[in-house]
Amino acid sequence: MAAQFAVASLRYLSHAGNAQLRGATASWWRSGWIYTDSKLADQVVATCSTITDNEGWDLRQLTASGKLQLTVGNGTAEKPALDPTVLSNAQWYHWYIEYDGTNIGISVDDDAITQTALAAAYVPGSAGFNI
């Protein structure tokens, strides 16, 4: 699958055509690694969303808190889940996100999963998958 990714810029890779990476409506999970060297602005870690339509999901590091936040859309509104771990610069972290059909969850470095109930079912976005 890696060969299907395109270099969208010097900062991220994009995959426009794989619906499986967007997440199914029933349940899904994703995981990866993040290494930060600065906190200049909110930084998108991975995304598959169309924010204007409140669809898909978005994982970002928030500048103000230094924490990772997963935001998931249900077609009408978005719901965030914030992991309590404060990320430091110059260190690797493993992240895990999930949707179990009712709740969204996020975990950093295998800590307990922080879950938040989604008011309505997840709606996959039509945007490509970007990391």
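**Close-up views of a predicted model**

View 1. Strands of a sheet pair through backbone hydrogen bonds, in either a parallel or an antiparallel sense.

**View 2. The pairing of E8 with E9.** Strand E8 (residues 92-99) pairs with E9 in the antiparallel sense, and five bridges make up this pairing. Tyr 99 has Ile 104, a residue of E9, standing opposite. Strand E9 covers residues 103-108 and has the highest mean pLDDT among the elements of the chain, at 94.

**View 3. Two loop residues with positive phi.** Most residues other than glycine have a negative phi. Ala 90, in the loop between strand E7 (78-82) and E8, has a positive phi near 60°. Because its relative accessible area is 54%, Ala 90 counts as exposed, the cut-off being over 50%. Asp 109, which is placed in the loop between E9 and E10, likewise has a positive phi, near 55°. With a relative accessible area of 34%, Asp 109 is partly exposed.

**View 4. Asp 42 and its contacts.** Asp 42 is found in the loop that runs between strand E3 (28-35) and strand E4 (43-50). Its relative accessibility is 42%, so Asp 42 counts as partly exposed. Leaving aside residues up to four places away in sequence, Asp 42 touches Arg 60, Gln 61, Leu 62 and Thr 63. Asp 42 and Gln 61 are separated by 19 residues in sequence, while the C-alpha to C-alpha distance between them is 5.6 Å.

**View 5. Asp 58 in strand E5.** Asp 58 belongs to strand E5 (residues 55-61). The relative accessibility of Asp 58 is 5%, which is why this residue counts as buried, the cut-off being under 20%. The side chains of Asp 58 and Arg 60 are joined by a polar contact of 2.8 Å, and Arg 60 is also one of the residues that Asp 42 touches.

**View 6. Confidence along the chain.** The chain has a mean pLDDT of 76, with 72% of its residues reaching 70 or more. Strand E2 (residues 13-15) has the lowest mean pLDDT among the elements, at 43. Over residues 1-18 the pLDDT stays under 50, although the model has 30 contacts for this stretch beyond four places in sequence.

Conventions
Residues numbered from 1 in each chain as written. Predicted model: local features only at pLDDT ≥ 70, side-chain atom pairs only at ≥ 80, totals over all residues. Heavy atoms only, no water. Helix = DSSP H or I, 4+ residues; strand = E, 2+ residues; numbered from the N terminus. Buried < 20%, exposed > 50% of the residue type's maximum accessible area, 1.4 Å probe, protein only. Contact = heavy atoms within 4.5 Å. pLDDT = per-residue confidence, 0-100. Pairing = 2+ DSSP bridges. Polar contact = N/O pair within 3.5 Å; in protein donor to acceptor, adjacent residues only side chain to side chain.
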